[in-house]
Protein chains: 2
Amino acid sequence: MAPRPRIKDVAEYAGVSPKTVSNVINDYEHVSEKTRSAVREAIEALGYRVNIAGRQLRKGRTGMITLAVPELDVAYFAELAKHVMAAADRRGLTVLLHQTGGARERELAALHGFDAQFTDGTILSPLSLLPRDLATRDTRLPVVLLGERSQPGSADHVGIDNVAAAREATEHLLARGRRSIAVVGGALTGRQGTDRLRTRGYREALRAARVPFDADLVVPVDAFHWQDGARAVGAVLRRDARPDALLCLNDHLALGALRALHEAGLAAPRDLDVVGFDDIEAGRFSVPSLTTVAPDKTAIADSAVSLLLDRIERRGAEEATDHVVEHRLVVRESSGG
Amino acid sequence: MAPRPRIKDVAEYAGVSPKTVSNVINDYEHVSEKTRSAVREAIEALGYRVNIAGRQLRKGRTGMITLAVPELDVAYFAELAKHVMAAADRRGLTVLLHQTGGARERELAALHGFDAQFTDGTILSPLSLLPRDLATRDTRLPVVLLGERSQPGSADHVGIDNVAAAREATEHLLARGRRSIAVVGGALTGRQGTDRLRTRGYREALRAARVPFDADLVVPVDAFHWQDGARAVGAVLRRDARPDALLCLNDHLALGALRALHEAGLAAPRDLDVVGFDDIEAGRFSVPSLTTVAPDKTAIADSAVSLLLDRIERRGAEEATDHVVEHRLVVRESSGG
DNA sequence: CGACATATTTACATCGATGTAATCGGCGTG
DNA sequence: CACGCCGATTACATCGATGTAAATATGTCG
């Protein structure tokens, strides 16, 4: 099989120097129309295509960024990935998508490993990363974190105000007269993750409404999948007092909960209210449709890509910034909408 | 800011030649334990990481493959991507994920563009590609197609037997006494895509059961999303004769249809049956849960990666192969399961 | 028509890593 | 003790493209 032609082959075919071919490829202005078309023809005739490795080696940039998320089959991340790719595209960047499975080791690899050295920067949505992992990271590699609030100053960060979001969702339920609200996926201790921030917002809303907090209503889950939501409902229903609302910390949990409620002969919003987070498409079409906290995904993606590009271009070690993106509560059938 | 160290810097630090460092990095066997650890220390001390561009330039391979799918927020593709990444991982490959939006231009770019020349090969799930695009493609770039049956011989291909799958799904509905089965997303003319193959299987089942075919029951859709399924049901219900089953050509359509039926006061399987394709997770938790044709996604991903790797390694222009992967009908509530 | 400015093209070095082949050094053997 | 052998190490060229700076062509003006 014929090897792929190199710039030299094109040069010989067109009767010019390799550098002239390079100039044509890169739209250098001082190339006569005649040579330009001759080179173009040669490229066409030989089926030449730039070898990116050679180019990168010389130019020092790949024009690619890494997006590392826990799991693509979690709809929120798939939708987010779509937006990030679109945002990157607008800026002429290509996205290398990576799944970490939420494992610390793989998140570290996203920060330092193969991809990180290969692409110009990384957008990471961490689950298990520890503060010290960020503190000791190689700051020559530009990074933007999504979702959880990072240690201040360790890296740029983009996310919604999770405490406020959970507070608003809880207020909505309280306003509907709900008083016994379970937090599915909630956490009181452990890492300062999204779950803890949202649980805090929930408690703030309770306190403001003078509704006593009941730790039994915080229902932990293994993961944030449909099945975990279903399982959690099973656990909740076995208790003697049934809650009158479920604040599920993401839509998958909420949808799994809806399914389990249905199996138990209960329905939202008749018997209790259900609210989720993320506004994934499935929640718009579920029966009942799902009330949810909708983060502005477009804005998240846009900010993340901009911040990253800034880091890449001014390699300087500026202060890390913290970008807070809008969110809004979308009230649908599952809580009376 | 200090530039990233090169292999030369490590060599100087360790007091050996650059090539020796390279040998350590690549686990060359004839390196004394002493030098090996000295080099390792130097690498550690300087925070050295291999520059992939340099390596690829020299080795001619990136160890990366491209996976190009229409849209990540279509759950089937997200789930498939997850499996492909896992399969690639097992073989030491990294996946560059690309969204084409189903646009021909971007699918072509996946075959020939930036990624294609950059990675070692491409797995493409085409929607709009024309036969001639494949016929004229640069066969030096290894490609595996997913989903639709390609022109024989043009490229390796992996997929389920769509005709048989649709036939079985239809037989299932017929066996339940359904006689007026609408095909949501079906197509009688146009490209030889998945939709046409599945419609053909549907017709074969009807014919075998001596149920007359009614072209009005083939309901076209703009795209294969939730909303299109909902819209299609709206159109179907405006007719005078209501069908007694919906064969939806993917799960998103089916779930959108379930939602629209609910809004119309109808329910599956009481008033009519609903069946989908793809077995996405949402269908296991919907109300009612969704009967669907489940392709073996693990097998699809595995075959695709193997075939591609074969192509990459034996660059020869062997015959293109056609891999048919298992599928099975999963009967759930929406058709009486 | 010559001097000089401007436009076009080219030679050469270089990015970082690694394959090839040559060199070096230590050890066993006759 | 010289020789041969083999494992360890190194010098050098090379992968493909492009930046730099110099060379060459073209054109303008007095």
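Let's start with a strand pair in chain A: strand 4 (residues 143-146) and strand 5 (residues 156-160) run parallel and are joined by three bridges. This is a predicted model, and the tour below goes from the sheet around that pair to a residue in chain B, then on to DNA strand C.

**The sheet in chain A**

- Within strand 5 of chain A, D156(A) is the residue that bridges to V144(A).
- Zooming out, chain A has an open sheet of six strands with parallel pairing, in the order 2-1-3-4-5-11.
- Its edges are strand 2 (94-99) and strand 11 (322-325) of chain A, each of which pairs on one side only.
- Ignoring direction, neighbouring strands in this sheet are turned by 20° against each other on average.
- Helix 14 (residues 297-313) of chain A lies across strand 1 (64-69), strand 3 (121-124), strand 4, strand 5 and strand 11 of chain A.
- That helix 14 of chain A runs at about 175° to strand 5 of chain A.

**A closer look at Q99(B)**

- Over in chain B, Q99(B) sits in strand 2 (residues 94-99).
- Q99(B) counts as buried because its relative accessibility is 11%, and the cut-off for buried is under 20%.
- A polar atom of the Q99(B) side chain lies 3.0 Å from the backbone nitrogen of L72(B).
- Leaving aside residues up to four places away in sequence, Q99(B) touches residues of both chains: A81(A), K82(A) and M85(A), plus V69(B), P70(B), E71(B), L72(B) and R106(B).

**Around DNA strand C**

- DNA strand C is surrounded by 26 residues, and the closest are T20(A), T35(A), R6(B), I7(B) and Y48(B).
- By type, the residues of this surface split into eight nonpolar, ten polar and eight charged.
- For the bases, a polar side-chain atom of R58(A) lies 2.9 Å from a base oxygen of DNA strand C.
- Another base contact comes from chain B, where a backbone N or O atom of G54(B) is 3.2 Å from a base nitrogen of DNA strand C.
- The elements giving two or more residues to the surface near DNA strand C are helix 2 (18-25) and helix 4 (52-59) of chain A, along with helix 2 (18-25) and helix 4 (52-59) of chain B.
- Helix 4 of chain B supplies the largest share of that surface, five residues.

Conventions:
Residues numbered from 1 in each chain as written. Chains lettered and ligands numbered in written order. Predicted model: local features only at pLDDT ≥ 70, side-chain atom pairs only at ≥ 80, totals over all residues. Heavy atoms only, no water. Near = heavy atom within 4 Å. Polar contact = N/O pair within 3.5 Å; in protein donor to acceptor, adjacent residues only side chain to side chain. Helix = DSSP H or I, 4+ residues; strand = E, 2+ residues; numbered from the N terminus. Nonpolar A, V, L, I, M, F, W, Y, C, P; charged D, E, K, R; others polar. Pairing = 2+ DSSP bridges. Axes fitted to C-alpha atoms, helices over the stretch in contact; angles between N-to-C directions. Contact = heavy atoms within 4.5 Å. Buried < 20%, exposed > 50% of the residue type's maximum accessible area, 1.4 Å probe, protein only.
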